[in-house]
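Dear colleague,

Please find below the structure that I am handing over to you. My findings follow directly after it.

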Amino acid sequence: MKAIIRFFTSVRLAIVLLIILAAASVLGTLIPQGRSFEEYALRFGRLSGLFIRLQLTQLYHSIWYLALLGLLALNIIVCTLTRLSPKFLKTFRPQVESDPKGLLALKIKDRFKQTAPLSAVKAELEKTLEAAHYRLRATIHDAKIYLLARKRIWGIFGSDVVHVGLLIILAGGIVSGLGSVRRQLAFNEGQTLAVPGAGFELRLDKFATEYYPDGSVRAWKSTLTVLEQKKSFLTKIIAVNHPLTYKGFSFYQTSYGWNWDSPAVEIWARKKSDPSLLKKIKLKVGAGAPLDDKEQTVISVPRFIPDFVLGEGNEPQTRSLQPNNPAVLVEAARGTEKIYSGWIFANYPDFAQMHRGKDTDLAFELKSYEVGQYSVIEAAKDPGVNLIWIGCVLVMLGLGLAFYWPTWEIKVVLEEAQGKTDVIAGGIGQKSRDRFGAEFEKLMASLRRSK
Amino acid sequence: MNESTLFLVAFILYIICALFYLTFLFSNKLGGAKIGSALAIAGLVIHTLALVLRTIESGHAPFTNMYESLSFLSWASVLAFIIIDKKFKIPKIGPYLMLIVIALVALASSPLMPKDVAPLVPALQSYWLWLHVSVTLLGEAFFAVAFITSIMYLAAKDVEKKEKMDSVSYRSVAVGFPLFTLGGLVFGMVWAYKAWGTYWSWDPKEVWSLITWLVFALYLHTRVVMGWKGKRSAIIAIIGFLAALFTYFGVNYLLAGLHSYA
């Protein structure tokens, strides 16, 4: 049992774990994480099976990585607990008496004789040290006066505060891992969706993309309204970096797009034989409309492509879902006879002229199109996040204490010797020793000067 | 004077500064170090003006692309050097640190780095950009000082000089580690939570920040608890700085394609 405790309390274990965790983390950035089996097979060949069995493809969520973190947490807990009680003892019930020989063996030390009597030297010493913000404890034993002067005692708890902070962060990670909810909600403008598990609904009133003068994107903004029992509760415009938070849920702008199912287009139709005829037709893709001419021609738009490109076999297809090259297929029919079929382009109004349908008398232009946009909002609830922030504050506080709140301790023994007072003083401080040494010297020098 | 002219002036001042430090290094006359130190401060002042102008011109924090962040990192390194030199009186690290600074500034000035002022993409529109990047890079600048002093420790023969380098290296880590923890990890997590709704997503840049942090945690534990000093400490500090450098550079260029940092 003792051996087990010794193993977990050893800093050696912590060091071994830090090295293994660092090495494992490096490995996880060399092997792409969370890809498909095919991708690994292509990239690593026969090794891919081994990688997957060792969970190297889900490394940071693998049992062994989590076990390493768990072991580190255990090590931190045991180390901190075994160190805390001696530290509390040192803080609240310190040993005031000290061995003069021990003091003289210290690096920071001094010994001198004062002509003033014992009690006067003690009073002067206390005055000097208190002026330098030391807290004092004194005791008398065997005609010797012992003084213990300390400043910034809380500095010794710096590492413990850091470690408790880290444990809280790890706990926060566990709570997040088990309890966080994350859902992508894709809204069309005007659509209301229930937020799963939240008991309220969300409506996207408007989605807009704002641009800089140079054409690059300035912001994606979704106007969201929270609905409870069909009643509007609040409306907020969210953007990247500006989420909406409501009842423990946060809503993030994550993606957007165009709903290309049935955009509305405006088409201008002309007849070369009849320059007076200009028909402006607004219709939805998939629908048809009469041209209102003598021949009773009917126009229809069966297809719309947002980013027109000719693929293999000259098959029209879209290169992306962005409206980079919007095109619409226009057909004209008289009765059952199809007399025209051709693509017209919003960005290239003259292009259709070069394509000749059966009836070259007809000419079309795609003047505009209207398309609904959708916005993808991520609804997230993370019950661990507050623990994370508490842990972060403690880690920073602890680092501040550990590095910039050095505990300094001055121990003094006063003894009467041949009518004079023998002063033996020593300084103990792990951090900022140079500054401490200088301060110690200054304090002792000022004491010597006093008569 | 515009930003690029000021940047160039600072660059030239840094070069002259390095030359004076080099004369000091070879002649061991303190005059060279004094002039070098004055030139470093002059260069820093001009460089500061360049960064301020850039901020005014672009309307956002001066570290939104590689050129800007390199410029800021070199600025932070000069600042860290001046602070450490003032505190510990070690002009000997001057020539080496200034060479690193010159390398960073030269890289920033190279045609590889687009210098155009670009409008801020939505993902970076946050005051956390200021807090996260500036504090992280300042921390890394102190790691750079620890790196130089660790190398000088390994190279030095004189015991007294070795001890000094070891101590300054530790003190630089003592400044750099809290800054890096605050800027890189804590502010990074807060910003990630605000922007993406998750404070940690095991992205390569995050993982490499963690690795850097683990290496310096190792440095502190071996040193403070196990009493390692000198050679072994120096080697860990060097590895730590290289990890920080990889977090800053390597992830963007070598591990690209895994995840693009918005």
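Of the 262 residues in chain B, 54% are classed as buried. Please bear in mind that this is a predicted model.

The secondary structure of chain B consists of eight helices, with zero strands. Its order along the sequence is accordingly written α-α-α-α-α-α-α-α. The radius of gyration of chain B is 18 Å, close to the 18 Å given by the globule rule for 262 residues, so chain B is as compact as a globular protein of that length. The C-alpha trace of chain B extends over about 55 × 50 × 30 Å along its principal axes.

I then turned to the contact with the other chain. Chain A contributes 37 residues to this contact, and chain B contributes 34 residues. On the side of chain B that touches chain A, helix 6 (159-196) and helix 7 (204-225) each provide at least two residues. Helix 7 of chain B accounts for the largest share of that side, with 12 residues. By residue class, the side of chain B that touches chain A comprises 27 nonpolar residues, six polar residues and one charged residue.

I would be grateful if you could look at these points against the coordinates.

With kind regards

Technical notes:
Residues numbered from 1 in each chain as written. Chains lettered and ligands numbered in written order. Predicted model: local features only at pLDDT ≥ 70, side-chain atom pairs only at ≥ 80, totals over all residues. Helix = DSSP H or I, 4+ residues; strand = E, 2+ residues; numbered from the N terminus. Rg over C-alpha atoms; globule rule 2.2 N^0.38 Å. Buried ≥ 20, exposed ≤ 12 C-beta atoms within 10 Å, placed from the backbone. Contact = placed C-beta atoms within 7 Å. Nonpolar A, V, L, I, M, F, W, Y, C, P; charged D, E, K, R; others polar.
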